Amino acid sequence: MINNFAKEVHVNAIEHGWWTGERSFGDLVTLCHTELSEAYEEYRNNKDITETYYEGEKPCGVPSELADVIIRILDMCEYYNIDIDKILIEKHEFNKSRPYKHGGKLT
């Protein structure tokens with residue numbers, strides 16, 4: 001399911017030159033943060049959260065930036081050979097068993 005898409009994402013990243021040279025785990029996580037920050041900037045620029053607009057053929061907006069976060073994460077999963085299908089199901093099942101607002105945090 002998602003593992004197959006992760007493979008496609010990673011192959012595309014390789015074919016477009018994003019995996020030439022060494023990339024550290026920290027660099028990859030930072031790129032994910034960057035995409036989230038870009039989503040927040042779209043929001044700060046008064047773009048509707050569900051709005052996709054286009055610069056030429058390029059989709060832009062919060063949804064596009066959130067897609068970029070997922071694409072980066074899937075690229076990492078394939079690179080590190082993480083079975084994202086399995087862990088998503090496992091983690092979701094565990095989260096369903098947790099108490100209401102577990103951990104004592106306010107948000």
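**Entry 1: a charge over a ring**

I began with Arg 23, which lies over the face of Trp 19, at 5.3 Å from the ring centre. A note to myself before going on: this is a predicted model. I then looked up another place of this kind and found Lys 47 over the face of Tyr 53, at 4.3 Å from the ring centre.

**Entry 2: rings that pair**

Next I wanted the aromatic pairs. How many does a search of the whole structure find? I noted 4 aromatic pairs. One of them joins Trp 19 and Tyr 79, and this pair is stacked, with 4.1 Å centre to centre and 20° between the planes. I traced where the two partners sit: Trp 19 is in the loop between α1 (2–15) and α2 (25–44), while Tyr 79 belongs to helix α3 (residues 62–79). They are 60 residues apart, so I wrote down that the pair links distant parts of the chain.

Are these two residues buried or exposed? I found Trp 19 buried, since its relative accessible area is 14% and the cut-off for buried is under 20%. Tyr 79 has 36% relative accessibility and counts as partly exposed.

I also checked Tyr 40 and Tyr 43. Their ring centres are 6.1 Å apart and their planes meet at 25°, so I put this pair down as stacked; the cut-off for stacking is under 30 degrees. Both residues are in helix α2, and being 3 residues apart there, they are separated by about one helical turn. Tyr 43 counts as partly exposed, at 45% relative accessibility.

Ring pairs link Trp 19, Phe 25, Tyr 79 and Tyr 80 into one.

**Entry 3: the largest pocket**

I turned to empty space. Rolling a probe the size of a water molecule over the atoms shows where such space is left. The largest pocket came out with a volume of about 270 Å³.

Which residues line it? I listed Phe 5, Glu 8, Val 9, Asn 12, Ala 13, His 16, Trp 18, Glu 35, Asp 68, Ile 71, Arg 72 and Asp 75. I sorted the lining by class and got 5 nonpolar, 2 polar and 5 charged residues. Then I asked which element gives the largest share of the lining. That is α1, with 5 residues. Both α1 and α3 supply at least two residues of the lining each.

**Entry 4: positive phi**

I went through the backbone angles too. Asn 46 has a positive phi of about 65°, although it is not a glycine. I found this residue in the loop between α2 and β1 (53–55), and Asn 46 is exposed, with a relative accessible area of 72%.

I placed Lys 101 in the segment after α4 (84–96). Lys 101 is exposed, with a relative accessible area of 56%.

**Entry 5: a serine in α3**

I finished with Ser 64, which lies in helix α3. Is Ser 64 buried or exposed? I noted it as buried, with a relative accessible area of 14%. What lies by its side chain? I found the backbone oxygen of Pro 59, at 2.9 Å from a polar atom of the Ser 64 side chain.

Definitions and conventions. Residues numbered from 1 in each chain as written. Predicted model: local features only at pLDDT ≥ 70, side-chain atom pairs only at ≥ 80, totals over all residues. Heavy atoms only, no water. Phe/Tyr/Trp six-rings, centres within 6.5 Å; stacked < 30°, edge-to-face > 60°. Helix = DSSP H or I, 4+ residues; strand = E, 2+ residues; numbered from the N terminus. Buried < 20%, exposed > 50% of the residue type's maximum accessible area, 1.4 Å probe, protein only. Lys NZ or Arg CZ within 6 Å of the ring centre and 35° of its normal. 1 Å grid on protein atoms, 1.4 Å probe; cavity = no way out; pocket = protein on both sides within 12 Å on 5 of 7 lines; lining within 4 Å. Points joined across faces, edges and corners; volume = space filled by probe spheres on them. Nonpolar A, V, L, I, M, F, W, Y, C, P; charged D, E, K, R; others polar. Polar contact = N/O pair within 3.5 Å; in protein donor to acceptor, adjacent residues only side chain to side chain.
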